[in-house]
Amino acid sequence: MTKIGFIGLGNMGAKMTLNLLKANYEVIGYDINKESVNNLLAKGLKQATNLSQIAKFADIVITMLPNGDIVEEVYDNIIDEFAPGTLFVDCSTIEVNKAKQLHMKCENKNILSLDAPVSGGVGGAEQATLTFMVGGTEKAYKMMLPLFEVMGKKSLLCGSFGSGQATKACNNMLLATTMIGVGEAFSLGQNLGLDPKKLFEILSTSTGSCWAINSYCPIKGVGPASPADDDFRPGFSADLMLKDLTIALKAIESTNTSAPYGKNSRENFERMVNANQGSLDFSAITKFNK
Ligand code: NAD
């Protein structure tokens, strides 16, 4: 059976690893925070105390790390130790151009690689309902597909190198913008004296409906349970949304795309984070929007 190395056992990585262990995969894990590794030992995780041990053991290496610079540092540290044909799958959210550079590094060493960022958050990681947006070759995707199926409910090969990160940047830019729009619609409704529950009933079944209303309504007591009903505890934090919008902004600038709403959304999230509210769920932006 395929042997897996998992690097980055934080909020997302630990839960993805648990699902691989439950499916009886052999997994060796590494994290600079030893506690993250220790928490999984009783569940069957093998412990790597350095990256070389991952290289010796794994056929497929999955990374779930905070940002592109850290992913690059990890790749640079271990890439020379892997046998040709090993598959590197980066599930972190990183810049599109950085993902392309990492693919090139892998290709030069005959290492297979995929960029495969996820949507679905910590809940999706726990329940194995993540969506994987994948960039790379058909060959690498087919090799990884059984593992995507264990950790998620959907995966799609979106295109060549970097296409997974590109798809994620588009999705999260749209999500941020629709969430801000939903907040504006409810503010206007409130100022016009509408009952928010009745407004929800119409918006969620009319042409204005979208995921930000139907599944994640940012108004307390309205719609299905969401972080708004729990003092905006994340969920998906505003800090992470700002990170994703900064990735989208870099992509907007490098492709000369006209995206004023996406840029404006990023400015709003920057304001929220600068006001020390970045640890709140991103849907609390509806309170900071200007
Ligand atoms: P996290 O901070 O909880 O976990 C990251 C882990 O990486 C930590 O345990 C940290 O100790 C470890 N780490 C840092 N540097 C390392 C290194 N050099 N070597 C080994 N381990 C190292 O973050 P998270 O919430 O799990 O997010 C991980 C990635 O997933 C990010 O890129 C994030 O943008 C993306 N993501 C997160 C969510 C979410 O809801 N949390 C949703 C979708 C995507």
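A pocket is here an open set of grid points, on a 1 Å grid over the protein atoms alone, with protein on both sides within 12 Å along at least five of seven lines. The legends below describe close-up views of a predicted model.

**View A. The largest pocket and its position between two domains.** The largest pocket has a volume of about 1400 Å³, and its lining is made up of 46 residues, with Met12, Met64, Gly121, Phe236 and Leu240 lying nearest its centre. Two or more lining residues are given by each of helix H1 (11-22), helix H4 (68-78), strand E7 (118-119), helix H6 (121-127), helix H8 (163-191) and helix H11 (238-254), and the largest share, 6 residues, comes from H8. Because domain 1 (3-160) and domain 2 (166-288) both give residues to this lining, the largest pocket lies between them. Sorted by class, the lining of the largest pocket holds 22 nonpolar, 18 polar and 6 charged residues.

**View B. The second largest pocket, with a volume of about 330 Å³.** This pocket is lined by 17 residues, of which Phe186, Gln190, Pro218, Ile219 and Lys287 are the closest to its centre. The elements that give two or more residues to its lining are H8, helix H9 (196-203) and helix H13 (285-288), with the largest share, 5 residues, coming from H8. The lining of the second largest pocket divides by class into 8 nonpolar, 5 polar and 4 charged residues.

**View C. The packing of helix H4 against helix H5 (residues 96-108).** The axes of H4 and H5 are 10 Å apart and meet at an angle of about 5°; since angles under 35 degrees count as roughly parallel, H4 and H5 are therefore roughly parallel to each other. On the H4 side the contact is made by Gly68, Asp69, Val71, Glu72, Tyr75 and Asp76, and on the H5 side by Lys98, Gln101, Leu102, Lys105 and Cys106. By class, this contact comprises 4 nonpolar, 2 polar and 5 charged residues.

**View D. The largest cavity, which holds about 50 Å³ of space.** The structure contains 1 cavity of 30 Å³ or more. The residues that line the largest cavity are Tyr75, Asp90, Ile94, Ala99, Leu102, His103, Ser113, Leu114 and Asp115, and the elements that give two or more of the lining residues are H5 and strand E6 (112-115). Tyr75 and Leu102, which belong to this lining, also take part in the contact of H4 with H5. In terms of class, the lining of the largest cavity has 5 nonpolar, 2 polar and 2 charged residues.

Methods: Residues are numbered from 1 along each chain as its sequence is written. This is a predicted model: local features need pLDDT of at least 70, side-chain atom pairs count only at pLDDT 80 or more; totals for chains, interfaces and linings use all residues. Side-chain values use heavy atoms; hydrogens and water are left out. On a 1 Å grid over the protein atoms alone, a cavity is a set of points where a 1.4 Å probe fits but cannot get out, and a pocket is an open set with protein on both sides within 12 Å along at least five of seven lines; lining residues have an atom within 4 Å of a point. Grid points are joined across faces, edges and corners, and a volume is the space filled by probe spheres set on the points. Helices (H or I, at least four residues) and strands (E, at least two) are DSSP runs, numbered from the N terminus. Ala, Val, Leu, Ile, Met, Phe, Trp, Tyr, Cys and Pro count as nonpolar, Asp, Glu, Lys and Arg as charged, and the others, Gly among them, as polar. Domain bounds come from an automatic or database domain assignment. Axes are lines fitted to C-alpha atoms, for helices over the stretch in contact, and angles run from 0 to 180 degrees between N-to-C directions. Angles under 35 degrees count as roughly parallel, over 145 as roughly antiparallel, 65 to 115 as roughly perpendicular and the rest as oblique. Contact means heavy atoms within 4.5 Å.
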